[in-house]
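Please look over the model below. My notes on it follow as numbered points.

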Amino acid sequence: MAEVRGLNELQRNLKELQLALESLNGTIAEIPINPNDPASVRKAVKEMEAAVDRKVAPYGNNKMVSVVIGAAKDEYRKALLKRFGTSQ
């Protein structure tokens, strides 16, 4: 008979990932941006990343959350830069 260990930790990690993703539903932040000013766009990207970090802070020690949220922030960054025609 095989013994499976670590399921409690996996379940906790998955639950925290679910909660972290749910915390990003709706408005994450309202960030003023001047689309004609590349510095304003870069600042908006940094503010967006910080807002996401604040929302998921309770789950910051969870590796799954870190990986998924890192990818989400990258997608948000790409979307902002694409929308405002700026590259970084």
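1. Basis. This is a predicted model, in which local features need pLDDT of at least 70, side-chain atom pairs count only at pLDDT 80 or more, and totals for chains, interfaces and linings use all residues. Residues are numbered from 1 along each chain as its sequence is written, and side-chain values use heavy atoms, with hydrogens and water left out.

2. α1 on α3. Helix α1 spans residues 7-23 and helix α3 residues 63-83; their axes come within 8 Å and cross at roughly 35°. Helices here are DSSP runs (H or I, at least four residues), numbered from the N terminus. Axes are lines fitted to C-alpha atoms over the stretch in contact, with angles from 0 to 180 degrees between N-to-C directions.

3. Who touches whom. On α1 the contact uses Leu10, Asn13, Leu14, Glu16, Leu17, Ala20 and Leu21; on α3 it uses Met64, Val65, Val68 and Ile69. Contact means heavy atoms within 4.5 Å. Nine of these residues are nonpolar, one is polar and one is charged.

4. α2 on α3. Helix α2 (residues 38-56) has an axis that comes within 10 Å of the α3 axis, crossing at roughly 155°. That makes α2 roughly antiparallel to α3 (angles over 145 degrees count as such).

5. The second contact. α2 brings residues including Val41, Ala44, Val45 and Met48 against α3, where Ile69, Lys73 and Tyr76 are among the partners. The class count is ten nonpolar, no polar and four charged.

6. Largest pocket. Its volume is about 300 Å³, taken as the space filled by probe spheres set on the grid points, which are joined across faces, edges and corners. A pocket is an open set of points on a 1 Å grid where a 1.4 Å probe fits, with protein on both sides within 12 Å along at least five of seven lines; lining residues have an atom within 4 Å of a point.

7. Its lining. Ile28, Ala44, Met48, Tyr76 and Arg83 are among the lining residues. α3 gives the largest share, four residues. By class, eleven are nonpolar, none polar and one charged.

Note on methods
Helices (H or I, at least four residues) and strands (E, at least two) are DSSP runs, numbered from the N terminus. Ala, Val, Leu, Ile, Met, Phe, Trp, Tyr, Cys and Pro count as nonpolar, Asp, Glu, Lys and Arg as charged, and the others, Gly among them, as polar. Angles under 35 degrees count as roughly parallel, over 145 as roughly antiparallel, 65 to 115 as roughly perpendicular and the rest as oblique.
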